[in-house]
Structure formats: structure tokens, C-alpha cells
Amino acid sequence: MTDSPGLHFKTFLLILMIVVFAPLGNVLLGKGMKTVGPATHWALADLWSVFIRICSSGYIWLGVASLMTFFVAYMLVLTWADYSYVQPASSFSYAMVALLGYLLLGEVITPLRWLGIAMICLGVLIVGHTPPRTTAVKV
Amino acid sequence: MREFLLLCVIVVAGTGGELCVTRAMKQIGEVTDFRPSALIRFILKTLVVAWMWIGIAMMTIAFFALLAALSFENVSFVVPVTALSYAAGAVGAVLFLRERISFQRWIGVLIVCAGVTIVLLSKH
């Protein structure tokens, strides 16, 4: 494929969207579920009323919309960029979700947890930096 | 206990769902035609593959387990722990999709597992 002008900018923009919208979606889901509250009994009637409250929560729908935006951006970028190029970028999502949880939800994140999250990012970065196709391709 | 169970469901059902969808996609084959009419035909084709529906069902279960976990647990705890899906994905890819996993990828998976362990420890 020949590089069209603006290809790098387009790729950068979509990767930025991936790194922002996936964590934002999870943070919004977290916010929504804190308002809905946990199911007290795991009886069917109780679960049903929780389900209704989930469906009527604005934060949940915003979270779902944000995750859908992420998914579309992800699919789009994969139509031209290599998976092994895109996937390491998504490792930053784990740091981003902690950062957004701290900034938007006021979650307390201990230094130990930051260390764990940093290791997860590093691990995901290494996982992604390998050939994406190992199965034989039929010719 | 309830929490542990939910985290297991998120990781196992989520990864299982992705593996099933991957299997369905491999069955359909590589997409080379991106015209809208071809994409609609592609979507219709995915809907008749059984693995696709099993995958969608598992992903739905994982999504509601995630919501349940988020109702009483911090986002900065739950989401990093779900990174265990990289380990589950690697094991599943070997057993279920017959992919070969490179040494370097296993190292990455091990580091992810170590990071998740630290995040789990940070709770107490």
C-alpha cells in the first residue's frame, strides 16, 4: 500500500481516539454502576430491577456510546495499519483508565497499584511487539 | 468470593467470546472487498456461523459481569485485572486456534500476570 498524504496523521488521530474512548467508556460505566448500586440479593426479581436501572442510567449509555466509538475507531485503523502496530498503543489504556478513575471518580490509587498498572502496560507492550500471524496461510 | 467469581467470568467469558469470534472470522476468510454492498454480505455471512453466536453470547455475559463488578469495585482495580485476558487469550489461542505463541509473547504474558498480582495485592 502506498502512503497517502496525511496517513500518519489519520493513524495518530484514530489511535488517540482508541486510547481515550476505551478507558473513558469504562470510567463512565463505573460511574453509572456506582449510582445504580450493587444487587443486594441475587434473586431474579432483584436482578431484573437492577437491569431496568442500568438501562435507564445516562452514564451507562454514554459509556456504551464511548466504547462503540472506540470499537469503530479500532476497526477503521485496522483496515490499513498492522495489528502489531496498533495493539501496543492500546497498552496505554490501562494507565489511562487509572488516570481517569483518579481524576473523574476520585478513586484512590496507591503507589503499589500504579506499579502493578505500569507492569501490565509493559507486559502488553511486549505481547504486542510480536508477529501478528503465526498460523500458516493457505496459498 | 463474589468478586473473585465475577473477575473470573469477565476474563474467561470475555476471552472465550473473542476466541469464538476469531474462529468464526477465520472460517469466513479474509475480507478484501470493502464496498458497502460487500460489507453487508459479509455481516450476513457472519450471522449464520454458529461460533459467532456463541462468541456474542459469551461477550454479553462478560459485559454484565463487568457491570456487576463495577457496581461495588473501583474502575482502576477492575480494568487492570481484566488484563489477565492476555494470559487466557494466549492459552486459548494455543489450545483452541492452534496458533504458535513466540517466546517473547510468553514473557509479555508473564509480566502482565505479575502486574495483575501486584494490583490484586494493592487492595489489602
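1. A salt bridge here is a side-chain nitrogen of Lys or Arg within 4 Å of a carboxyl oxygen of Asp or Glu. Across the interface of chain A and chain B, that rule finds zero salt bridges. Searching the whole structure gives two salt bridges over all chains.

2. Some ground rules. This is a predicted model, in which local features need pLDDT of at least 70 and side-chain atom pairs count only at pLDDT 80 or more, while totals for chains, interfaces and linings use all residues. Residues are numbered from 1 along each chain as its sequence is written, chains are lettered from A and ligands numbered from 1 in the order in which they are written, and side-chain values use heavy atoms, with hydrogens and water left out.

3. The interface as a whole. Contact (heavy atoms within 4.5 Å) involves 43 residues of chain A and 40 residues of chain B. The buried area is about 3,400 Å²; this is the accessible area (1.4 Å probe) that two parts lose on being put together, summed over both. Carbon and sulfur atoms give 70% of that area between chain A and chain B.

4. Chain B on its own. Chain B has six helices and zero strands. Helices (H or I, at least four residues) and strands (E, at least two) are DSSP runs, numbered from the N terminus. The pattern along the sequence of chain B is α-α-α-α-α-α. Its C-alpha trace spans about 55 × 35 × 25 Å along the principal axes.

5. Helix 6 (residues 111-128) of chain A packs on helix 6 of chain B at about 165°, with the axes 7 Å apart. Axes are lines fitted to C-alpha atoms, for helices over the stretch in contact, and angles run from 0 to 180 degrees between N-to-C directions. The two helices are therefore roughly antiparallel (roughly parallel is under 35 degrees, roughly antiparallel over 145, roughly perpendicular 65 to 115, and the rest oblique). Residues in this contact include A:Gly116, A:Ile120 and A:Gly123 from chain A, and B:Gly108, B:Val112 and B:Gly115 from chain B.

6. Helix 1 (residues 7-36) of chain A and helix 3 (residues 50-70) of chain B pack at about 60°, their axes 8 Å apart. That makes helix 1 of chain A oblique to helix 3 of chain B. Chain A contributes A:Asn26, A:Leu29, A:Gly30, A:Met33 and A:Lys34. Chain B contributes B:Phe63, B:Leu66, B:Leu67 and B:Leu70.

7. Links within chain B. B:Glu3 forms a salt bridge with B:Lys123, with the closest N and O atoms 3.7 Å apart. B:Glu3 lies in helix 1 of chain B and B:Lys123 in the segment after helix 6 (103-121), so the pair ties together parts that are 120 residues apart in sequence. B:Ile28 is also in helix 1 (residues 2-28) of chain B. Not counting residues up to four places away in sequence, B:Ile28 touches B:Phe42, B:Lys45, B:Thr46 and B:Val49.
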